[in-house]
Amino acid sequence: QVTVVESGGGLVQAGGSLRVSCEASGNIFSIGFMAWYRRAPGKQRELIASVTSGGSTNYADSVKGRFTISRDNAKNTVYLQMNSLKPEDTAVYYCNANVILTTTRLNVNYWGQGTQVTVSS
């Protein structure tokens, strides 16, 4: 079994910074693609940043230049550093990890439970 747990959300003023983390643990042989999604109130979940196992990154236009995704493969952890936060960044932030299981070598996609980020104006 694999668990994916986000942490680090909270309340911050506009213009401030916040870092959220996501750690995967359990029956993990390796992790490929890792990503952060968010769901704002009344909107669909959107992909905002992703990173491959080799470190290649991609960002949604809405966060490009303000957010940075990074990962620590030894810790099975992905981070999202969020700077210059805006009220429209308020959302539940979800981690997604593509895991190759140790026991079966199957590739399985896992989601965390989400962490709330609220940006006040």
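Tutor: Salt bridges link Arg-38, Glu-46, Arg-66 and Asp-89 in a network; a salt bridge here is a side-chain nitrogen of Lys or Arg within 4 Å of a carboxyl oxygen of Asp or Glu. The model is predicted, so local features need pLDDT of at least 70, side-chain atom pairs count only at pLDDT 80 or more, and totals for chains, interfaces and linings use all residues. Residues are numbered from 1 along each chain as its sequence is written, and side-chain values use heavy atoms, with hydrogens and water left out.

Consider Arg-38 to begin with. Its side chain meets that of Glu-46 in a salt bridge of 2.8 Å, N to O. Arg-38 is buried, at 6% relative accessibility, whereas Glu-46 is partly exposed, at 31%. Buried means under 20% relative accessible area, exposed over 50%, and partly exposed in between, with a 1.4 Å probe and protein chains only.

Arg-38 also forms a salt bridge with Asp-89, where the closest N and O atoms are 2.9 Å apart. Because Asp-89 lies in the loop between E8 and E9 and Arg-38 in strand E4, this pair ties together parts that are 51 residues apart in sequence. Strands are DSSP runs (E, at least two residues), numbered from the N terminus.

Asp-89 is buried, at 1% relative accessibility, and its side chain meets that of Arg-66 in a salt bridge of 2.8 Å, N to O. Arg-66 lies in the loop between strand E6 (57-59) and E7, 23 residues from Asp-89 in the chain. Arg-66 counts as buried too, at 11% relative accessibility.

Notes. Helix = DSSP H or I, 4+ residues; strand = E, 2+ residues; numbered from the N terminus.
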